[in-house]
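Subject: Structure handover

Hello,

Here is the structure we talked about. Please open it and keep it beside this note while you read.

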Amino acid sequence: MTTSKPGLVAQVRAGRIPALARLLTHIENDTPVGRAAFDALYPDSGEAHLIGVTGPPGGGKSTLVNELIRAYRARGQRVAVVAVDPSSPLTGGATLGDRIRMNEWHADPDVFIRSMASRRFGGGLAENTLAVAHILDATGFDPVIVETVGTGQDEVEIARLALTTLLIQVPGLGDSIQTLKAGSLEIGDILVVNKADRPEAIGLIRDLHHMKALAESHPEGGWDPPVVKTSALKGEGIDNLIHAIAKHRAWLESSGELAERLRTIAGEEVAARVRSEWRRWAEGSEAGAELAAFIGRVADREVSPRQAASDILEQLTKPAR
């Protein structure tokens with residue numbers, strides 16, 4: 001069994017799930033095999049609906065995603081999930097909690113679930129998670145759902161990298177003050193009140209509609225994020241959520257926003273890769289002394305940090321003799 005790039009790509013294109021799992025490990029670890037395979041398969045991507053799912057810890061995101069899988073499978077669709085778990089502080093590995101919660105799908109060849117650690121890469125979601133999502137897209141899964149940890153930068157970043165972002169809100173967490181967090185409503189294309197069977201849900205829904213009214217700024221023909229009630233544990237409201245996702249996708253296509261979002265995603269990925277290449281150069285032995293000299297000049301106030309960065313970029317982009 002070969003693990004060379006041509007053999008692995010051919011196996012993935014043939015639908016071999018073990019080969020896909022091995023390839024995604026190469027993609028995550030940014031190996032030469034992974035880079036070459038990503039370049040080969042990327043032109044086959046671009047068809048799947050990339051759905052981001054974020055919200056506070058304890059919001060039932062994984063249970064909700066599990067119900068989304070069930071609903072999409074009932075419609076005959078192949079579903080992939082990239083679950084970004086908290087990293088282990090010792091190993092950097094994912095806790096795999098999401099994959100355990102979705103274990104019922106392990107025997108279904110049309111469901112693929114991948115847990116990824118939220119490692120502190122410079123590119124974050126754009127560099128690693130999206131690369132995995134593109135491979136899943138290229139191999140025929142649609143939709144591809146990305147579930148984030150729900151805290152920190154990833155919560156905001158997924159809104160720039162997904163075509164449709166579900167912002168999960170839960171009654172009873174902080175007396176609904178979570179809805180008032182600066183910019184939180186701007187993250188979600190769809191506002192999902194999960195655990196809506198709780199009595200506190202009425203107040204949370206009211207607060208969300210109130211905050212939407214205060215923040216009303218979308219132009220005529222723009223998207224008005226709906227508030228969708230669900231109870232993932234009971235399987236309630238999932239069809240309404242699927243309908244809202246489909247409606248948002250239709251709006252993206254009819255409004256021309258889809259092309260803009262795809263360009264935004266591409267821009268974020270390119271920028272993440274540039275940062276990655278810069279980091280790789282800066283950590284290389286040949287660049288060490290050179291970079292130290294630049295840093296020394298900044299520390300000695302001979303040049304500003306901005307000028308040093310400009311000089312470094314000019315040197316990096318200078319044509320080889």
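Which charged end sits over the ring of Phe-141? It belongs to Arg-78, at 4.0 Å from the ring centre. Bear in mind that this is a predicted model.

Start with the aromatic rings. A search of the whole structure gives 3 aromatic pairs. Phe-141 is in one of them, with Phe-112 as its partner. The ring centres are 6.2 Å apart and the planes meet at 55 degrees, so the pair is tilted. Phe-112 belongs to strand E3, residues 111-117. Phe-141 is in the loop between helix H6 (124-138) and strand E4 (144-147). The pair therefore ties together parts that are 29 residues apart in sequence. Phe-112 is buried, at 8% relative accessible area. Phe-141 is buried too, at 2%.

Another pair is Trp-223 with Trp-251, also tilted. Here the centres are 5.8 Å apart, with 40 degrees between the planes. Trp-223 is in the loop between helix H9 (201-214) and strand E7 (227-229), and Trp-251 is in helix H10 (residues 238-255), so parts 28 residues apart in sequence are tied together. Both Trp-223 and Trp-251 are buried.

Now the charges. The search of the whole structure finds 17 salt bridges. One of them joins Arg-273 to Asp-30, with the closest N and O atoms 3.9 Å apart. Arg-273 is in helix H11 (residues 257-283), while Asp-30 is in the loop between helix H2 (17-29) and helix H3 (32-41), so the bridge ties together parts 243 residues apart in sequence. Arg-273 is partly exposed, at 28% relative accessibility. Asp-30 is buried, at 18%. The charged end of Arg-273 also sits over the ring of Phe-38, 5.8 Å from its centre.

Next, Arg-70 and Glu-104. Their closest N and O atoms are 3.0 Å apart. Arg-70 is in helix H4 (residues 61-74) and Glu-104 in the loop between helix H5 (97-101) and E3, so this bridge ties together parts 34 residues apart in sequence. Arg-70 is partly exposed, at 33%, and so is Glu-104, at 45%.

Arg-160 bridges to Glu-268, at 3.1 Å between the closest N and O atoms. Arg-160 is in helix H7 (residues 153-161) and Glu-268 in helix H11, 108 residues apart. Arg-160 is partly exposed, at 33% relative accessibility.

Last, a network. Salt bridges with shared partners join Arg-73, Arg-78, Asp-108 and Asp-110. Arg-78 is the residue whose charged end sits over Phe-141.

Best wishes

Methods
Residues numbered from 1 in each chain as written. Predicted model: local features only at pLDDT ≥ 70, side-chain atom pairs only at ≥ 80, totals over all residues. Heavy atoms only, no water. Phe/Tyr/Trp six-rings, centres within 6.5 Å; stacked < 30°, edge-to-face > 60°. Helix = DSSP H or I, 4+ residues; strand = E, 2+ residues; numbered from the N terminus. Buried < 20%, exposed > 50% of the residue type's maximum accessible area, 1.4 Å probe, protein only. Lys NZ or Arg CZ within 6 Å of the ring centre and 35° of its normal. Salt bridge = Lys/Arg side-chain N within 4 Å of Asp/Glu carboxyl O.
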